[in-house]
Structure formats: structure tokens, C-alpha cells
Amino acid sequence: MKIAVIIPTWKRPQKLARALQGLEAQTAPPARVLVTYRAEDQASVALLEHWRTTTRLAHELVEVHQSGVVHAENEALRRLLPDSSIELVAFHDDDSVAPPEWCQRIAEFFAARPEASALGGPDFIVAQPWTYHEVFVEVVGRLTWYGKVIGHHHHRSEGLREVDVLKGVNMIFRRTLLELLDERLQGRRPEEGNGVFWELDLCLRLKRKGARLFFDPGLVVQHDSDHSHFLPDHVEVSTAHNMTYVLLKNLPPHRAMVFLLYSVLIGHNNIKGLARTALYLLRERRLAPLHSMRLSLRGLCLGLRTYLAARRGA
């Protein structure tokens with residue numbers, strides 16, 4: 001089965017080089033590799049210009065003129081979705097490395113399971129001091145009835161399973177089922193969406209249409225993850241904004257209302273509500289949790305505004 005791989009990159013040339021080396025070493029090479037970049041990222045541009053003269057992979061360097069991962073992924077998807085020769089589209093990060101059997105394992109899975117719409121696997125975070133990959137979990141990629149996302153994709157687990165959500169660093173879809181990403185998740189300002197939860201939105205949209213998503217614990221990539229370039233306050237607001245917008249647009253009305261109530265009154269990792277904040281105030285005996293809650297609730301309100309604007313077609 002012919003696989004195309006999308007890699008958006010931004011100012012991580014050394015990590016990008018390792019990601020490309022991983023694809024070069026595949027026992028069953030991908031049919032197309034699309035790397036998106038921005039012209040102002042001169043170090044990555046220099047690396048890619050050199051790589052294109054040495055690689056044997058069929059590739060395309062796609063310049064993106066807007067910032068953000070959502071715009072980058074969409075530029076690549078616009079070139080891939082009309083290509084009927086491609087059967088599978090894999091999303092990969094520039095700071096992750098796939099083992100040599102990655103593409104072959106993907107192709108074999110989809111060939112054996114015609115009912116599968118998408119497949120994902122773990123991303124074992126290798127950046128120190130993280131040791132998430134040493135933790136074993138029972139639940140992966142689930143959305144609870146009250147709107148809490150249980151990811152755990154970066155932990156160890158056992159057994160192929162059907163899931164609600166996959167992680168963008170290591171997920172593959174049948175091309176015929178894919179759609180462009182919602183660019184409202186990449187706002188004009190950082191607090192109005194920094195692209196986070198784009199994969200949650202894509203997965204939920206496709207599941208609403210009957211898609212079946214699977215998670216294979218053996219389909220591992222190594223992930224040298226580092227989000228130190230994000231501004232903490234903007235991350236808090238943007239995370240709450242995007243989660244609120246994504247779940248309001250994808251959940252039925254009664255579950256959307258439960259999600260809002262749970263987020264405000266109780267809270268979770270992505271939106272710090274009243275009960276969670278009170279607990280942390282008692283534990284930490286400092287005011288930082290109040291600031292975090294204020295940012296989360298601001299993001300929730302902005303997400304609600306974005307959802308209502310989308311409903312009006314604004």
C-alpha cells in the first residue's frame with residue numbers, strides 16, 4: 001500500500017535531520033514525503049536543500065506562508081488529497097524518529113483490516129528527564145462521556161484496541177477519508193488557538209461519520225519532544241480555547257453542556273476549574289493556581305465565542 005508522510009518543521013534542523021534519516025532507513029519506503037517549512041526558518045531551509053540532492057525518496061518541499069501547524073498540515077493535505085495513487089497518509093513530527101519497520105507495519109495492518117479507517121501508535125518521549133514511556137497504562141486515547149480526554153499515547157500499553165483519538169506525531173489515515181483541518185484552531189492571536197487538539201478534532205469529526213480508529217502499542221516512534229518555545233500563559237488560554245471549541249462542535253448538545261459544567265465546576269488537566277483550583281490552593285498555599293484558573297476560564301469563554309461564530313458562519 002502506498003503511504004505518504006507529512007512532516008511540518010519549524011526551527012529544529014538537527015531533529016528534522018534525524019526524522020528524515022528514519023524515513024530513509026525504512027524497509028518499505030514511503031511513496032511520498034512532504035516536508036512543510038517557512039522561508040524565515042533559514043537553518044531548516046538549508047538542511048532541506050541539501051537533503052533533496054541526496055535523498056532517494058520521492059519528496060516535495062512545501063513552503064507555508066502562515067504560521068502554525070494547522071496551516072502547515074493543510075498545505076500538504078491540499079497536495080495529497082487529490083492524489084489517487086496514495087492510499088494512506090501518515091502524520092509525523094520533525095522531532096520524532098520512526099524505526100525501520102514503521103511503514104511496513106502500517107501497510108500490513110491496513111491490508112489485513114479493511115474496516116480500519118485510521119491507525120496510531122505510541123510516541124515514547126526520549127527527552128530527559130521524562131520517563132513517561134516506562135509507565136504502563138490500561139486506557140489509551142479515550143474521550144469520557146463528560147468530555148475529559150485521556151491520551152496516554154506516550155505510555156506503555158498492551159493489545160491492539162479501538163480508540164476515540166490518536167496523536168498527531170504518529171497517526172495514519174486512509175486518504176479517501178481525510179479532510180482538511182479546521183483553521184479556526186490556529187487563531188490570529190496566540191490565545192485564540194495555537195493548533196493544539198487539531199488531531200482530536202480530526203478524529204472526532206471522522207468518528208461522527210462512522211470511522212474506526214485503532215491504536216497499536218507496537219507501532220512506536222521515538223519523540224524528542226520539547227515545547228519550551230511556547231509561552232506558558234498563551235498555552236493555558238489556547239489549550240482551553242481549542243478544547244472547548246473542538247468538543248462543543250463534535251459532541252451532542254447534552255454532552256457538550258456536561259463538558260462545560262464539569263470544566264468550570266471541577267476541571268481537569270486542560271481546563272482548571274473551581275474544585276481543582278481549590279484543591280491546589282490548599283496543597284500549594286500560594287496563588288498561582290488562581291492565575292492558572294483565570295487563564296483557563298478565559299480560554300473556555302473564547303472557545304465558546306469561536307464555536308458560536310462558527311455556527312453563525314462568521
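Q: What is a salt bridge, and which side chains of E60 and R79 meet in one?
A: A salt bridge is a side-chain nitrogen of Lys or Arg within 4 Å of a carboxyl oxygen of Asp or Glu. This is a predicted model. In it, the side chains of E60 and R79 form such a bridge, at 2.6 Å from N to O. The two residues come from distant parts of the chain, 19 residues apart. E60 is in strand β3 (residues 59-63), and R79 is in helix α3.

Q: Which residues are linked with E179 in a network of salt bridges?
A: The network holds E179, D182, D201, R205, K209 and K249. Take R205 and E179: their side chains meet at 2.7 Å, N to O. R205 is in helix α5, while E179 is in the loop between β11 (170-174) and α5, 26 residues apart. R205 and E179 are buried. E179 also meets K209, at 2.1 Å, N to O. K209 lies in the loop between α5 and β12 (213-215) and E179 in the loop between β11 and α5, so this pair ties together parts 30 residues apart in sequence. K209 counts as exposed, with 61% relative accessibility.

Q: How is a pair of aromatic rings described?
A: By the distance of the centres and the angle of the planes. The whole structure has 6 aromatic pairs. In one of them, the ring centres of F91 and W198 are 5.3 Å apart, and the planes stand at 55 degrees, so the pair is tilted. F91 belongs to strand β4 (residues 88-92) and W198 to helix α5 (residues 198-208), 107 residues apart. F91 is buried at 0% relative accessible area. W198 is buried at 6%. F91, F173 and W198 form one aromatic cluster.

Q: Where do Y146 and Y262 lie?
A: Y146 is in the loop between β8 (142-143) and β9 (149-150), and Y262 is in helix α7 (residues 253-265), so their pair ties together parts 116 residues apart in sequence. Y146 is partly exposed, at 22% relative accessibility. Y262 is buried, at 17% relative accessible area.

Q: Which residue lies over the face of W10?
A: R38 does, at 4.1 Å from the ring centre. Elsewhere, the charged end of R283 sits over the ring of Y280, 5.7 Å from its centre.

Q: Why do residues three or four places apart in an α-helix point the same way?
A: Now look at helix α3 (residues 69-80). Its 12 residues reach 17 Å from first C-alpha to last, close to the 16 Å expected. Buried residues of α3 include V70, H71, N74, L77 and L80. The buried residues of α3 pack against β1 (3-8), β2 (32-37), β4 and α5.

Q: How do strands of a sheet pair?
A: Through backbone hydrogen bonds, either parallel or antiparallel. Here an open sheet of 3 strands has the order β5-β13-β7, with mixed pairing. β5 (96-97) and β7 (123-125) are at the edges with a single partner strand each, so one side of each has no neighbour in the sheet. β5 and strand β13 (residues 221-223) run antiparallel, joined by 2 bridges. V97 stands opposite Q222 in β13.

Conventions:
Residues are numbered from 1 along each chain as its sequence is written. This is a predicted model: local features need pLDDT of at least 70, side-chain atom pairs count only at pLDDT 80 or more; totals for chains, interfaces and linings use all residues. Side-chain values use heavy atoms; hydrogens and water are left out. Rings of Phe, Tyr and Trp (its six-membered ring) pair if their centres lie within 6.5 Å; planes under 30 degrees apart count as stacked, over 60 as edge-to-face and the rest as tilted. Helices (H or I, at least four residues) and strands (E, at least two) are DSSP runs, numbered from the N terminus. Buried means under 20% relative accessible area, exposed over 50%, partly exposed in between (1.4 Å probe, protein chains only). A charge sits over a ring if NZ of Lys or CZ of Arg is within 6 Å of the ring centre and within 35 degrees of the ring normal. The expected span of a helix is 1.5 Å times one less than its number of residues. Contact means heavy atoms within 4.5 Å. Two strands pair if DSSP finds at least two bridges between them.
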